[in-house]
Every structure is written in structure tokens, then in C-alpha cells.
Amino acid sequence: MAGRQRRPAAAPDGSAEAKRTDLRANEKKCSWASYMTNSPTVIVMIGLPARGKTYMSKKLTRYLNWIGVPTKVFNLGVYRREAVQSYKSYDFFRHDNKEAMQIRKQCALVALEDVKTYLNEEGGQIAVFDATNTTRERRELILSFAQDNSYKVFFVESLCDDPDVIATNILDVKVSSPDYPERDRESVMEDFLKRIECYKVTYKPLDPDEHDKNLSFIQVINVGRRFLVNKVQDYIQSKIVYYLMNIHVHSHSIYLCRHGESHHNVEGLIGGDSELSERGRQFSAALKGFVQEHHLSDLKVWTSQLRRTIQTAEELGVPYEQWKILNEIDAGVCEEMSYEIIEETYPEEFAMRSQDKYHYRYQGGESYQDLVQRLEPVIMELERQGNVLVICHQAVMRCLLAYFLDKSADDLPYLKCPLHTVLKLTPVAYGCTVDMFDLKVEAVNTHRDRPLNAVPPAFIRRNSFTPLSSQDQIKRPRMYSVGNPSHARMSQPPTLPSMQFSEASEGAEMLQSEVSADSVNGFGAAHTGERS
């Protein structure tokens, strides 16, 4: 297979040491969910062409990476296009085309070697083998490969006999496939339907009653109208099943915005439960106009249980739901302090958060990683619902946005989510488009960029994996500003018995990561504000 570049020979010791360092870095970024599996897993897609396998592969991979399980898709079509530079017609997929069958098998073997490298050497925990895998012979090859390498295997089969769904998938996705450059829609449809017929000749669906009763799998029938689940082995497989049973293929949009500007935003304080400022109330009125202008009559509105989001929603004059899990990240002992006071009072904590913002957990509070775990039910509901407006907070909005835009844990805490701006997310075939609407109401900019030169403290970092023991934690009420003096105005801030303060300080600020212009319409250019 001349089109495929093979790997070079073993690297020298210095390179091996660098690889081990990278592996340790990957392990650090794994979350609680990744520790619930004791061996790597290969997810094997099964199904005829145009059954949504790649759609499910990409969404499942995005979800697993978001919850902290390193996952990567290996699409066999990519390997096949590298081996065969130009696709001519459906004849390539005939079962009696021996030369083509040999090329396709060799592509599968090369892809499996890449799976092995990813799982054994690159810190991966789940590999998604995205191909038709319609024959028992191919599935036996994969099972043998997994057994030789001590991998678990979970099959995901997409069964669909609805001609309208199949035709829509072909026209939405396959017309723009690299296989069909500059081809008209009619000829693409004709050729692809013949390609499907080639696969049908040898297709053997999974048999839950006899031949495949001992395998672990889920069958997704007619795009989620029914499911058949067989022999789930572990926690990660149960998460996969849970997610696949919640994603629905339907046209909808998700609107995300922060609450209107609050008094704490103006004062530069984080957390608390303050009310809206005058400009925050102006934004609430502008948001009502936005909803009316876009004729969002069937819109569901969700808020947190904090006053600034509730007051923002009240102005809309429509029913809304309050979700406690949409509350802002809990800053623990740092609630209602400014960043300047935090740096002065808890310099080591300030430095640790600058070093690793995603994993850092506030004393008595939460980390971004904790927040992702808390928000998982919200993601499931957003996948199931129609049009929804989520009025939330900066850290919460970042976590939700990172899921839909497939952003890494490193980039998540620095995504820009400006006050008084609405983001419209519209799921498309293999991703999500974003439209940004600035409602033209001024607000403070509370965004903090990524530090350029954060110096690691000379002690062990406390993060989501090594939290402070409970006896050393001082946790203040979450609704501290209700009838209580602001923490920022207290003469003696709470101290932690086990803490030893140092001279560590935050480094220079770094330009924050921008969302790719390929997926966002003008998103990266916005001014932003953030409280956490």
C-alpha cells in the first residue's frame, strides 16, 4: 500500500524520555471517569453506509474527551483515500473485486496498528474504529487484535431501514465527501445507493440471540427510535450506552448567554449572589427584544438558582426553569473576593490556579473539572431538547461551549464568553456552528487571560486528584451575600491551618485561546468578561 507512510524505527533514549513525559502529561489531564476503566477499550462501529456511524463516532468521541477520557476516532475511509488517491465508482466496493478487497483489508490492518500505538504509547484510553465492519470475518479480525493486546471491545451497530433518513444523510453529508468532487447531487445519490447495495451482499448484522450473544454491544435502530443493549461490561461502557440513548438527530438551536452585569461584576468581586446592575437590567430588556425579534416562541428558558440569572430571565415574561447545577463555579473561601485580594491573601493558591486552571480546586470549592462533572446532566438534556436558552455564568458557559466546540481541558478555562452577548449554537452533521449576537449594552470586561510565565510553586499542587483534606477546609455559605457582609470587606479573612504562604505570584498574562474561525462566525474577535 504505497500511499501509507510507515513509522520510523525506534527512537533514541532522549526521544523515549520525551514520550514518557508526554504520556505523564496526558495522564494528568485524565479525569475521575478515566480511572473507572482498567484496560483500554476499542469501540467498533458497524453498519451499512449512510447510517450515521461517523456522526455517532464524532459525537461520542467529543463527549468522552469532555468528561476526561482520552478518545480518538480512526476513520477507515481516510486510510482508504490515502491508499487509493482517486475514487471512480461503486465498483471498488464490490465483494468480488479481489484487488480492492485486499486494499481495504490492508487499510484496516494499518488503522489497527495506529489504534495500538494510540492506546499503548500515546496515553489514549478509548479508540473508535469507524468503519462499516459489516462482515463477521472483519469483526473476528478486530476481536483477535483486541485479545492479543488485552483491549476490551464494545460494538455500536446502527440499523436503519427508513429510506427518508438514508436519503437525507446522503444529501447532507456524502455529496460533500472527498469521494465526490464536483459531482452533481443526482449522480452522487445514484452511485452511493449502488455502493450500499454492494455492502448488503455480505452484511451480517449482530445476532444477539445466538452467534453474538456473548459480545458487548448496543444496536441503535432507526436513529434512536429503539435500542438493544447486550452484555455491558463496565462503567465506561455504561456511560457510552447512556450517551448514545440520549442523543437525538433533530433540527434545533441552543442559545447561551451570561446573566446581565451584576453589582459584583462592577466591583470586581467573584462569586456571591448579587443583583443586577442598571446595565444588567438594560441587558435583560434587550434579551427580551432578541427573543421576540427571532420569533423564538417555542423556546425553553433555563437559569441557575442565583439571583442574577433569575432577574435576567424574569424580564422575558415567559416560564423558565431553575437548575441548581447551573450555579456558578464555587470559589470556596475566595467567594466575594477580588483577584487582587486573593493574590494578597492566598498567594500560593493564586499561583497554583495560574499554573493549572482546569484542575485547580478552590479551597472548600470546586475546580473546572468538578464543574464539567456537575454539568453532564445538562448536556444530556440539551441533546434531547428542542430550542433552549440557557442563562448562566461564565465558568458554566465555558464548560458547555467546550463540549459543543470540542475544546480541550487546557483551552476550556480561557474561552471567551462576553457579558451581554448571546451565542447561538446549531448542531450540524459533524460539528456545530456558532453565531454571536452582541446586544449593544455596555458591560465591564472581567476576563482574565492565560498567564504567559506562570512559575510552578515549590510544593505539590493540590488539584482535583489531590484535594485538601476536609479537616483543613473552611467553606463559607454559597449564598454569602444574602444578609451577610462581603468577604472582600472583612478585616480578617479566614486562614487555613495547613497553608504556608510564599512569595509566589502570577506571571504575565497570555493571549487566550480563540475559537477556530472555521466553526465560529466572528466569535474570537469579541470582547469578554469572566468572573472565575
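This is a predicted model: local features need pLDDT of at least 70, side-chain atom pairs count only at pLDDT 80 or more; totals for chains, interfaces and linings use all residues.

Me: What is the average pLDDT of the protein chain?
Reply: pLDDT is the predictor's confidence in each residue, from 0 to 100. The protein chain averages 82, and 78% of the residues score at least 70. Over residues 1-14 the pLDDT stays under 50. The pLDDT is also below 50 over residues 457-531, a stretch with 204 contacts in the model beyond near neighbours in sequence; contact means heavy atoms within 4.5 Å.

Me: How many residues does the largest nonpolar core have?
Reply: In soluble globular proteins, nonpolar side chains tend to be buried together. A nonpolar core is a set of buried Ala, Val, Leu, Ile, Met, Phe, Trp, Tyr and Cys residues joined through side-chain atoms within 4.5 Å; buried means under 20% relative accessible area, exposed over 50%, and partly exposed in between (1.4 Å probe, protein chains only). Here the largest core has 58 residues, and I43, L64, W66, L375 and V390 have the most contacts inside it. A second, separate core of 44 residues includes V42, F92, I170 and Y180.

Me: How many aromatic pairs are found in the whole structure?
Reply: Rings of Phe, Tyr and Trp (its six-membered ring) pair if their centres lie within 6.5 Å; planes under 30 degrees apart count as stacked, over 60 as edge-to-face and the rest as tilted. The search finds 14 such pairs. The Y87 and F93 rings form a tilted pair, because their planes stand at 45°, with centres 6.0 Å apart. Y87 and Y180 are edge-to-face, since their planes meet at 80°, with centres 5.6 Å apart. Those two tyrosines are 93 residues apart, and their pair links distant parts of the chain. Ring pairs join Y87, F92, F93, Y180, F192 and Y199 into a cluster.

Me: Is T309 buried or exposed?
Reply: T309 counts as buried because its relative accessible area is 0%. Beyond residues up to four places away in sequence, the contacts of T309 include H259, I391 and H393.

Methods:
Residues are numbered from 1 along each chain as its sequence is written. Side-chain values use heavy atoms; hydrogens and water are left out. Helices (H or I, at least four residues) and strands (E, at least two) are DSSP runs, numbered from the N terminus.
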